[in-house]
Amino acid sequence: MPVSSLPSKYGIGTLGKEAYNFVDFLKICRQKYWQILPIGPTGFGDSPYQSFSAHAGNPYWIDLEMLASEGLISAAEIKKTGFVENPDLVDYGDLYEKRFRLLGKAAMRIDPQDNGFASFCAASAEWLNGYSLFMSIKEEHGMVSFHRWPDKYRIYHEKDMLEAKRRLEARVHFWSALQYLFYSQWERFKAYANTNGVEIIGDIPIYVSPDSSDLWMNYRLFQVDKKRELISVAGCPPDYFDEFGQLWGNPLYNWSYHKKQGYDWWIKRLKHAGEIFDAVRIDHFRGFAGYYSIPAGSKNAVHGEWKKGPGKDFVSAVKEKAPEIAIIAEDLGFLTPDVRKLLKFSGFPGMKVLQFAFDSSEDNEYLPHMYPENSVAYTGTHDNPTTSSWASDASADVLEFVRKYLRAGRNLNLANALVKAAMHSKSDVCIIPIQDWLLQGGEARINTPGTTEGNWRFRVRKRKLSVPLAEKILRVTEDSGRAYPK
């Protein structure tokens, strides 16, 4: 469940009281893991996979009531802001218009010489300084993409940025202070979760946003020209579901340069993730074996081509330099032999999604009896419909196969049956989306791939995280032998 989906009075889930309450809920249900979506500041389409930074946290998650308890803002200032409160959906437009003004009051009240703030800035300087300056210049130019900035700002050279740093000192402080507030709250929240036996599975996108401080500061790491214009972009080829493929538009990596640098940028990124999460899901793991490259400026993904990724060389570097990080490989999609070989070589658990299991054949690798122990089972992911919605839209042939496979009679709710099937699989870990426990339909879908509007808005009403739901989760968890602690 995304943190943004938590209940709150201020438009979006935060790292405040309801996050702690959800940890308590998971403890009652004897759950060990809470998997979330990427934590970064949301950019284009409000997507957490299109963030302004690979390291920064989402300022919207900063809890306002915690700030009030610390004297950084007042209850009256929160009330005066007047957030739109929709308990079912996040209103990102309202948050953008109002949240930063309120957070600005808190940021102004943080002394730049405060020991905690100064220590955070020093420890995070390698990414924080560039991110805060990037956001300050971006703000000055109406938040347009940095590709549309004047050359003197668009082409990053550290010496040339001294004037901007001096002139925008107050705004740089603001953006740095927001990260200090975010990570202060995150550290307290994660410590509480771990103390109560709950571990956090984070999620990092394989690609950075085309409008990010990462690309702005480190252009040599990406397939761009000297003017920072993209040469090729990421996506997926045409398939049965989409005749034009998917055009993501993210910059692709210059893997030869990464190799010369010992994959240093990636190792630092993973180590950062390892510090703030207990385990890390790497999105689109197949991109390390081979990636789909589309000429920049294309209108769709038809004219892309597959190119070889860094493969075993990259994985070996990760295992050598960051062996302590628990990694889950998102190995879904077009799986070629090289992807399977790389996953096996890595030893990382892959993902098994039950909604993919019932297309036709009885030897489908997503059928639960096919799952290896070293895997993570899911009914669906954030990119899938909820399981109730999937079942309601499935063809008669698929439904017949599902009921036959699960030995599910006509009166048995298929969503419940599929949850139990995933929980009873051999996978070492099983993650069930909160919507599937709640038997929610299409209204609760998080994301529809290939669309840019109406996604990432799903929220859970507080009353739905009820005692009966906890009892249901606990019963299924105990019946499947997955209750934690053992």
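Reader: Which backbone nitrogen does the side chain of S53 reach?

Author: This is a predicted model, where local features need pLDDT of at least 70, side-chain atom pairs count only at pLDDT 80 or more, and totals for chains, interfaces and linings use all residues. Residues are numbered from 1 along each chain as its sequence is written, and side-chain values use heavy atoms, with hydrogens and water left out. A polar contact is a pair of N or O atoms within 3.5 Å; within protein, one must be able to donate a hydrogen and the other to accept it, and residues adjacent in sequence count only if both atoms are side-chain atoms. At 3.0 Å, the side chain of S53 reaches the backbone nitrogen of H55.

Reader: Is S53 buried or exposed?

Author: S53 sits in the loop between strand 1 (33-35) and helix 2 (64-69). Its contacts (heavy atoms within 4.5 Å) include P41, W127, Y131, S213 and D214. Buried means under 20% relative accessible area, exposed over 50%, partly exposed in between (1.4 Å probe, protein chains only). S53 has a relative accessible area of 5%, so S53 is buried.

Reader: Which element gives the largest share of the lining of the largest cavity?

Author: A cavity is a set of points on a 1 Å grid over the protein atoms alone where a 1.4 Å probe fits but cannot get out; a pocket is an open set with protein on both sides within 12 Å along at least five of seven lines, and lining residues have an atom within 4 Å of a point. The largest cavity holds about 210 Å³, and S53, A54, H55, P205 and R269 are the closest to its centre among its 25 lining residues. Helices (H or I, at least four residues) and strands (E, at least two) are DSSP runs, numbered from the N terminus. Four residues, the largest share of this lining, come from helix 12.

Reader: How many charged residues are in the lining of the second largest pocket?

Author: This pocket holds about 1,000 Å³, a volume being the space filled by probe spheres set on grid points joined across faces, edges and corners. Its lining has 35 residues, with H55, S124, E126, W127 and K268 nearest the centre. Ala, Val, Leu, Ile, Met, Phe, Trp, Tyr, Cys and Pro count as nonpolar, Asp, Glu, Lys and Arg as charged, and the others, Gly among them, as polar. The lining divides into 13 nonpolar, 10 polar and, for the charged class, 12.

Reader: What span does helix 6 reach from its first C-alpha to its last?

Author: Helix 6 (125-140) is one of the helices that supply at least two residues to the lining of the second largest pocket. W127 and Y131 are among its buried residues. The expected span of a helix is 1.5 Å times one less than its number of residues. With 16 residues, helix 6 comes close to the expected 22 Å, reaching 22 Å.

Reader: Which residue's backbone oxygen lies 2.8 Å from a polar side-chain atom of K319?

Author: K319 belongs to helix 13 (residues 311-321). It is partly exposed, with a relative accessible area of 38%. K319 touches F345, S346 and F348, not counting residues up to four places away in sequence. The backbone oxygen at 2.8 Å belongs to S346.
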